[in-house]
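Welcome! Here is a short tour of the structure shown below, taken one topic at a time.

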Amino acid sequence: MNSILDNDLFQAFSTASHHVYIYACDMKTDLSRWSENAVDYFDMPGEYMTDAGSIWLQRIHPDDRDRYSRDLEQVFSGRQSHHKCEYRALNRYGEYVWLECRGALIMDEEQKPKLFAGLMTRLDAKNKYGPLTNLKTIYEFNNCDFTRNPGSLLLIDLDHFREVINKFGYSFGDNVLYRFSRQLELLCGPDRGVYRLEGDEFIIQSPGGSRRDTEALFEAISRAAHDLCGPDGQAVRLRVSGGAVLYPEYGNKQDVLLGCLEHSLEHAKHISRGNLVFFSLEIAEEHNRTIQLKHALTRSIQNQFQGFKLYYQPLVDASCHRAVGCEALLRWFDPTIRWANITDVIRQLEYSGDIHVVGRFIVDQVFQKA
């Protein structure tokens with residue numbers, strides 16, 4: 001038994017958290033011990049390893065390896081007393097997660113390296129609650145289990161919230177978000193989970209929730225947002241749009257369900273702003289078509305506006321039956337996208353901002369023709 005590595009204190013710390021990982025290395029024998037949760041999560045060869053440094057380096061993201069190695073070299077050369085570095089490491093699920101790694105080197109009586117030990121903390125576990133709203137974050141949402149019981153997810157977005165910030169300032173906007181968060185907690189009660197995403201988007205999980213329950217909740221949230229007041233008592237009159245999905249009908253994994261929510265919310269904001277839209281296969285198909293159209297239009301613009309064409313409709317003076325002018329009509333053709341009409345094209349160009357580029361192309365073509 002290795003007296004340095006095999007002790008009750010190591011065992012106690014190694015099982016204290018699922019997001020913090022303990023490691024220790026006997027520098028004289030190059031034998032390391034890693035906590036079992038680290039071995040499991042990062043798919044390491046075992047709790048006890050030799051040459052663990054090389055094994056671990058292969059799991060660090062290639063872009064972060066030099067920074068990690070340089071920091072360790074500073075410690076082992078004596079130029080700094082502690083190891084502290086943030087980097088990404090590959091877990092057993094094939095995902096890179098951010099870690100903060102800290103360590104210290106202990107010398108023996110002869111000032112030779114005796115023990116190198118420390119801990120690694122997953123950074124995605126630090127932000128359990130958001131500092132502004134005190135709501136749970138997306139990292140907590142990722143820990144939800146959607147495989148056991150059915151329910152609903154609701155993604156809501158505050159429409160045109162940027163206008164509130166531009167008009168009243170960031171402090172006012174933060175106060176409004178805080179007040180809105182408290183309203184969400186009151187409306188959702190203890191049986192629902194409320195999570196804040198980035199900006200002004202929120203997710204509400206309703207275990208056992210039905211379509212009708214979710215619709216009723218969205219209506220209550222809409223009323224609360226409309227009646228919300230700022231810190232000075234001034235009415236803000238917010239409006240919300242929502243996307244919803246029932247699980248496990250359309251999936252039981254976080255990334256799949258988030259995709260369904262985003263597609264539904266996007267549909268609501270573009271087609272039915274201020275309302276709630278439930279995910280369906282039709283919405284998924286429409287989203288895919290929108291992506292195809294977006295990429296095709298981008299290719300056309302980058303390729304000297306290939307596919308764009310102008311048709312000229314004469315304007316005739318009825319008194320003399322002569323053409324006195326004409327109206328330029330834009331059309332777009334792509335053999336791979338036969339379903340898109342000019343209304344779809346204009347809508348996508350306006351949404352992406354490329355309407356300005358195409359507008360200049362139209363003006364140039366018209367004056368050349370004239």
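## Ground rules

Helices (H or I, at least four residues) and strands (E, at least two) are DSSP runs, numbered from the N terminus. This is a predicted model, where local features need pLDDT of at least 70, side-chain atom pairs count only at pLDDT 80 or more, and totals for chains, interfaces and linings use all residues. Residues are numbered from 1 along each chain as its sequence is written, and side-chain values use heavy atoms, leaving out hydrogens and water.

## The chain as a whole

Let's start with the overall view. The chain has 12 helices and 13 strands. Its radius of gyration (taken over C-alpha atoms) is 29 Å, well over the 21 Å that the globule rule gives for 370 residues, so the chain is more spread out than a compact globule. That rule is 2.2 Å times the number of residues to the power 0.38. Along the principal axes, the C-alpha atoms fill a box of roughly 110 × 50 × 45 Å.

Of the 370 residues, 41% count as buried; buried means under 20% relative accessible area, exposed over 50%, and partly exposed in between (1.4 Å probe, protein chains only).

## A five-stranded sheet

Next comes an open sheet of five strands with mixed pairing, in the order β8-β9-β7-β10-β11. Two strands pair if DSSP finds at least two bridges between them. β8 (193-196) and β11 (276-278) stand at the edges with a single partner strand each, so one side of each has no neighbour in the sheet. β8 pairs with β9 (residues 201-207) in the antiparallel sense over four bridges, and V194 has I204 in β9 as its bridge partner.

Two helices lie across β7, β9, β10 and β11: α8 (residues 211-226), running at about 160 degrees to β10, and α9 (residues 254-271), at about 145 degrees to β10. Axes are lines fitted to C-alpha atoms, for helices over the stretch in contact (heavy atoms within 4.5 Å), and angles run from 0 to 180 degrees between N-to-C directions.

## Backbone details in the loops

Most residues other than glycine have a negative phi, and most peptide bonds are trans. Which peptide bond is cis? The one from Y247 to P248, with omega near 0 degrees; P248 sits in the loop between β10 and α9.

D51, in the loop between β3 (48-50) and α3 (52-57), has a positive phi near 55 degrees. At 40% relative accessibility, D51 counts as partly exposed. Q111 has a positive phi near 60 degrees and is found in the loop between β5 (96-107) and β6 (113-122). With a relative accessible area of 59%, Q111 is exposed.
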